[in-house]
Amino acid sequence: MYNIYVNFNYFLNQYEKDDNILQIITGIEKENFQKAVDMNIMRYTKHHNNVAVCYGNIGLLYLNKKDYDQALKNYQAALEIRKVINNPADTMKNYAEIIDIYLQNENYSKAKVYLGELLIIAKKTLGEQHELIKEIMQYLELCEKQLKNH
């Protein structure tokens, strides 16, 4: 049963524009997605990639509902796991999800903190000349500019 929830990201991405599907999914989220997290913790450990995937899926669900606080809570839980298990690619993805929420909500100071952490991991993982480094730097400059204007 837990594999259904591990693959939730794919399902939601395929059907996120269909409001009926999203309503069905959001109606089952509280009871079943927490069960998916609990089942994965019991089967593996609390610091396993499958648990991080579950938290990421729950975060995506709340993001689609525009419940940014709950989305952040779950994305941050996924991020903490990915840091422990040293999964740089998915760690960078989690940082990007969190940063996106902070930027959407114009919380430039928090976005800047996470961008700085993302920059360190990206440089270590991808090298100084990677295109993502330039993009992160542009967002850091945007945050600096916005913070100066406020």
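1. The outward face of helix α8. Turned away from the buried side of α8 is a face with the exposed residues E131, Q138, E141, K145, K148 and N149. Exposed means over 50% relative accessible area, buried under 20%, and partly exposed in between (1.4 Å probe, protein chains only). The model is predicted: local features need pLDDT of at least 70, side-chain atom pairs count only at pLDDT 80 or more, and totals for chains, interfaces and linings use all residues. Residues are numbered from 1 along each chain as its sequence is written, and side-chain values use heavy atoms, with hydrogens and water left out.

2. The inward face of α8. I133, I136, L140, C143 and Q146 are the buried residues of this helix. Viewed down the axis of α8, they fall within an arc of 150°, so they line one face. The arc is that of the directions from the helix axis to the C-beta atoms. These buried residues pack against α6 (88-104) and α7 (108-126). Contact means heavy atoms within 4.5 Å.

3. The length of α8. The helix covers residues 131-149, 19 residues in total. From first C-alpha to last it reaches 28 Å, close to the 27 Å expected at 1.5 Å a residue. That expected span is 1.5 Å times one less than the number of residues.

4. The chain overall. The protein chain has eight helices and zero strands. Helices (H or I, at least four residues) and strands (E, at least two) are DSSP runs, numbered from the N terminus. Of its 150 residues, 39% count as buried. Among contacts with a separation of 6 or more, 56% are between residues 24 or more positions apart.

5. The largest nonpolar core. This core has 27 residues, and Y95, I98, I99, Y114 and I136 have the most contacts inside it. A nonpolar core is a set of buried Ala, Val, Leu, Ile, Met, Phe, Trp, Tyr and Cys residues joined through side-chain atoms within 4.5 Å. At least two residues come from each of α4 (49-64), α5 (68-85), α6, α7 and α8. The largest share, eight residues, is from α7.

6. I99 and the second core. Leaving aside neighbours within four places in sequence, I99 is in contact with A111, Y114, L115 and L118. A second, separate core has five residues, including V51, Y55, A78 and I81.

7. Cysteines. C54 counts as buried at 2% relative accessibility. C143 is also buried, at 0%. The whole structure holds zero disulfides, a disulfide being a pair of cysteine sulfur atoms within 2.5 Å.
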